[in-house]
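Dear colleague,

I am handing over the structure below, and after it you will find what turned up when I went through it. Please read it with the model open beside you.

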Amino acid sequence: MIQNVFLELLKEKPVAKITVKEICEHAEINRSTFYKHYQDVYDLMEKLENEAVEAFEKLLDSYVQNETVPALVTLLTSLRENRELLLPLLANSSNDDFMKRLTDACSGYALSHLTPEADYTSNPKQAAVYAYLAGGTSGIISNWLETGTQEPPQQVAELIQSLNETVLTVLVP
């Protein structure tokens, strides 16, 4: 209940304007109940972000097919289904930290499952290209979420795949 009230308040105003008192009033609990679980509103925000990243990582870990588009469709479908949770967190994350953590989870999956033969750690050019691809992919996904996820996940996945293949073809012969 605390988390739901907090997410509703996040839709209305930034985290810095939300108070523990306000959460408790809306959730109809006393402050001691809130403080049993969280230190403050920022701790609550961090715990929600951690839960979302962990769920996201579990989703990626459970996906074993080594093909980019189907993996992206699964990821995008999950993001679309959880959009109401993710958008307030993304909008209120300090320094885009939450999006970076989601992107890092995707990157880890991509490195270990989709392109295991590439060496992105010792080759500076490949590392730069990979960083570019990860940033572009997260930008497309962020934009898709922020604009209402109108396009089907399959279409967005194919766009990401097409752009990434073009970049890889040009920059990593």
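Helix H1 (residues 2–12) and helix H6 (residues 83–92) have axes that come within 9 Å and cross at roughly 55 degrees, and H1 and H6 are therefore oblique to each other. Here the helices (H or I, at least four residues) and strands (E, at least two) are DSSP runs, numbered from the N terminus, while axes are lines fitted to C-alpha atoms, for helices over the stretch in contact, with angles that run from 0 to 180 degrees between N-to-C directions. Angles under 35 degrees count as roughly parallel, over 145 as roughly antiparallel, 65 to 115 as roughly perpendicular and the rest as oblique. The crossing of H1 and H6 is left-handed, a term used if the near helix is turned anticlockwise from the far one by less than a right angle, with right-handed used if clockwise. On the H1 side the contact (heavy atoms within 4.5 Å) is made by Leu 7, Leu 10 and Lys 11, and on the H6 side by Glu 84, Leu 85, Pro 88, Leu 89 and Asn 92. By class, this contact of H1 with H6 has five nonpolar, one polar and two charged residues, where Ala, Val, Leu, Ile, Met, Phe, Trp, Tyr, Cys and Pro count as nonpolar, Asp, Glu, Lys and Arg as charged, and the others, Gly among them, as polar.

Please keep in mind that this is a predicted model, in which local features need pLDDT of at least 70 and side-chain atom pairs count only at pLDDT 80 or more, whereas totals for chains, interfaces and linings use all residues. Residues are numbered from 1 along each chain as its sequence is written, and side-chain values use heavy atoms, with hydrogens and water left out.

As for the chain as a whole, the protein has nine helices and zero strands. Of its 173 residues, 40% count as buried, which is to say under 20% relative accessible area, with exposed meaning over 50% and partly exposed in between (1.4 Å probe, protein chains only). Among the contacts in the chain with a separation of 6 or more, 63% come from residues 24 or more positions apart.

The residues of the contact of H8 with H9 divide into 13 nonpolar, two polar and one charged.

Most residues other than glycine have a negative phi. At 8% relative accessibility, Thr 149 counts as buried, and, not counting residues up to four places away in sequence, Thr 149 touches Arg 80, Arg 83 and Trp 144.

Glu 28 is not a glycine either, and has a positive phi of about 55 degrees. The place of Glu 28 is in the loop between helix H2 (20–27) and helix H3 (31–37), but Glu 28 is exposed, with a relative accessible area of 74%. Within H2, the buried residues are Val 20, Glu 22, Ile 23, Cys 24 and Ala 27, and they pack against H1, H3 and helix H4 (41–62).

Finally, the aromatic rings. Rings of Phe, Tyr and Trp (its six-membered ring) pair if their centres lie within 6.5 Å, and planes under 30 degrees apart count as stacked, over 60 as edge-to-face and the rest as tilted. By this rule the count comes to two aromatic pairs. The rings of Phe 34 and Tyr 35 have their centres 5.4 Å apart and their planes at 90 degrees, so this pair is edge-to-face. Phe 34 and Tyr 38 form a tilted pair, at 5.5 Å centre to centre with 45 degrees between the planes. Phe 34 is buried, with a relative accessible area of 0%, and Tyr 38 is buried as well, whereas Tyr 35 is partly exposed at 38%. Phe 34, Tyr 35 and Tyr 38 form one aromatic cluster.
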